[in-house]
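Dear colleague,

I am handing over to you the structure shown below.

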Amino acid sequence: MSASSITQLRTPSLPPPTRRRDRRGLILAVVLCAQLMIVLDLTVVNIALPSIARGLHFSAPSLAWVLNAYSLAFGGLLLLGGRASDILGRRRMFLAGIAVFTAASLAGGFATSAAWLLAARAVQGVGGAFASPAVLATIVSGFPEGRERTRALGIFTAVMMGGASLGLVLGGMITEWASWRWVLFVNVPIGVAVILAALRVLPGSARQPGRFDIAGALTSTAGMSALVYAFIRAASSGWADRLTLAAFAAAAALLAAFLVNETRSPQPITPLRLFADRSRSASYVARLLLVAGMFGMFFFLTQYVQEILLFSPLQAGIAFVPMTAALFTTSRLAPRLIARFGPKPPMVAGLLPVVAGMTWLTQIAPGTSYLQGILGPMLLLGAGMGITFVPLTMASLAGVRPEDSGSASSMVNVTQQVGGALGLAILVTVFGSVQAASRHPLPGAASLARAHQVVTHAMAFSFGTAAIFDVCALAVIVLVIRMRQLATPAVSVTADPGAARSGRDT
């Protein structure tokens with residue numbers, strides 16, 4: 001027997017590189033399909049809110065909780081979901097989270113009361129919080145740092161950011177052509193398909209020994225919920241309201257307790273070593289500020305095109321298609337820009353049109369048409385966000401230890417959800433304050449014209465506040481983040497066919 005034959009016998013057969021890449025592409029498609037479903041639910045109900053209010057007899061203040069019940073449960077439990085992903089295994093938590101999300105969507109579609117729907121929305125958020133961290137962790141473990149991970153993160157960014165505006169389009173279509181209930185029912189076949197596909201292709205992961213930081217999970221969730229509630233209460237009842245002040249005090253106490261707990265816990269839900277890297281910490285802050293402005297923009301523009309421009313739900317959804325198209329296009333270009341210039345220059349270059357677009361929206365008035373003053377800012381915002389968020393996500397995940405991949409991934413999502421909830425609460429507070437100060441009763445047609453003027457004036461102030469958020473994010477990136485080139489891959493974890501061995505989830 002020849003030496004080459006002996007070598008072939010001793011060398012285990014490996015799948016061709018193209019097959020390994022195809023499998024990773026299939027895994028990426030499955031987890032991103034789930035992520036798109038989760039992200040869509042943050043905005044898909046926006047345009048359906050008037051129909052939901054009529055169908056289930058929501059009051060105006062309580063209607064906001066259709067959005068907040070989901071976002072607070074989602075954002076508040078993401079840290080626990082990330083830790084569970086590390087300890088129990090990504091595959092197990094992904095499947096469990098999608099199953100809970102799908103079941104809650106089915107229950108919500110059959111809701112016959114406001115309380116039923118809010119409970120279903122909260123459970124949807126719980127499912128999303130346990131499934132979502134596994135998505136980014138799968139990308140981190142399956143794609144080594146460098147060009148491959150950059151391309152995967154570019155697709156992830158397109159799904160995350162484009163999904164928010166795509167949700168408005170789908171929400172308008174479903175509401176106008178079917179019923180608001182199908183905004184929830186549509187998740188059921190998608191969720192079932194994702195579960196079946198994940199059972200076949202999603203690899204297992206090494207399970208880290210440890211225990212859950214229940215105190216950290218409770219204090220972080222309760223603290224952020226109290227903070228968001230305080231801003232929402234301030235918008236409706238004023239800053240001097242007793243419940244507003246009590247909520248702010250409770251939020252401060254709970255979040256302080258969370259930080260103290262994390263410094264003392266032997267196995268914290270959020271390892272503070274994640275913040276030791278200044279660029280990573282700055283990327284979290286910049287993401288929070290950017291998403292704070294973007295969620296407010298969605299909230300107010302959907303109202304403007306329907307209440308002032310009198311667009312139908314379907315027309316309102318289609319109005320956001322150019323932004324989605326711009327975002328998807330530029331997010332695909334971002335990896336090439338990063339490979340040529342490094343991560344930081346594209347972050348800065350992408351933020352400039354974001355600041356310009358948000359500033360442009362401050363000129364909004366009752367007579368502003370879609371083509372005159374809405375389309376242009378949308379294109380600038382979509383193009384800028386598509387470029388910025390890819391390198392920003394890289395900065396959040398670069399150099400993370402394998403055992404911290406779940407926690408680091410959950411922090412990316414936490415800053416996004418917390419930024420959206422807090423930003424929307426702050427901008428709604430600004431809107432309410434300006435509206436209250438500008439309102440003067442007038443008779444008849446003059447009253448309607450005056451009402452439109454007051455509403456758009458308050459929206460302009462809110463957009464101005466969002467522009468300030470974007471400028472602050474730009475300052476953080478320019479002054480704090482230091483990333484001249486892509487990090488050298490330290491660990492490359494690929495799909496392991498031996499995932500069923502001891503110590504891995506199956």
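The following notes describe what was found in the structure, from the whole chain down to single residues.

This is a predicted model, in which local features need pLDDT of at least 70 and side-chain atom pairs count only at pLDDT 80 or more, whereas totals for chains, interfaces and linings use all residues. Residues are numbered from 1 along each chain as its sequence is written, and side-chain values use heavy atoms, with hydrogens and water left out.

**Overall picture**

The protein chain contains 20 helices and 0 strands; both are DSSP runs numbered from the N terminus, helices (H or I) of at least four residues and strands (E) of at least two. Of its 506 residues, 55% are buried. Here buried means under 20% relative accessible area, exposed means over 50%, and partly exposed lies in between, with a 1.4 Å probe and protein chains only. The accessible surface of the protein chain is about 21,000 Å², and carbon and sulfur atoms account for 67% of this; such areas come from the Shrake-Rupley method with a 1.4 Å probe, and for residues only the protein chains shown count as cover. Among contacts (heavy atoms within 4.5 Å) between residues at least 6 apart in sequence, 85% join residues at least 24 apart.

**Nonpolar cores**

A nonpolar core is a set of buried Ala, Val, Leu, Ile, Met, Phe, Trp, Tyr and Cys residues joined through side-chain atoms within 4.5 Å. The largest one has 119 residues, and those with the most contacts inside it are Phe94, Ile98, Ile139, Met297, Leu301 and Phe463. Helix H13 (residues 278–308) gives the most to this core, namely 16 residues. Apart from it lies another core of 17 residues, including Val45, Ile52, Leu56 and Val66. Leaving out residues up to four places away in sequence, Phe94 touches Val30, Val31, Ala34, Phe130, Ala131, Ala134, Val135, Val194, Ala198 and Leu202.

One of these partners, Val194, is among the buried residues of H10, which are Asn187, Val188, Gly191, Val194, Ile195, Ala198 and Val201.

**Aromatic pairs**

The structure holds 9 aromatic pairs. Rings of Phe, Tyr and Trp (its six-membered ring) pair if their centres lie within 6.5 Å; planes under 30 degrees apart count as stacked, over 60 as edge-to-face and the rest as tilted. Phe300 and Phe431 form a tilted pair, 5.2 Å centre to centre with 35 degrees between the planes. This pair links distant parts of the chain, with Phe300 in helix H13 and Phe431 in helix H19 (residues 405–438), 131 residues apart. Phe300 and Phe431 are both buried. Phe300 also forms an edge-to-face pair with Phe463, at 6.3 Å centre to centre and 80 degrees between the planes. Phe463 lies in helix H20 (residues 444–479) and Phe300 in helix H13, so the pair ties together parts that are 163 residues apart in sequence. Elsewhere, Tyr70, Phe74 and Phe101 form one aromatic cluster.

**Helix H15**

The buried residues in H15 include Met323, Leu327, Ala334 and Pro335. H15 is followed by Gly342, whose phi is positive, near 90 degrees.

**Individual residues**

Thr393, in helix H18 (residues 375–397), is buried at 1% relative accessibility. Its contacts, leaving aside neighbours within four places in sequence, are Leu136, Leu153, Thr157 and Arg287.

Pro366 lies in the loop between helix H16 (344–361) and helix H17 (370–373) and is partly exposed, at 34% relative accessibility. Not counting residues up to four places away in sequence, Pro366 touches Tyr304, Ile308, His452, Gln453 and Thr456. The C-alpha atoms of Pro366 and Thr456 are separated by 6.3 Å, although the two residues are 90 apart along the chain.

Leu310 sits in the loop between H13 and helix H14 (313–318). Leu310 is exposed, at 66% relative accessibility, and has a positive phi of about 60 degrees although it is not a glycine.

With kind regards
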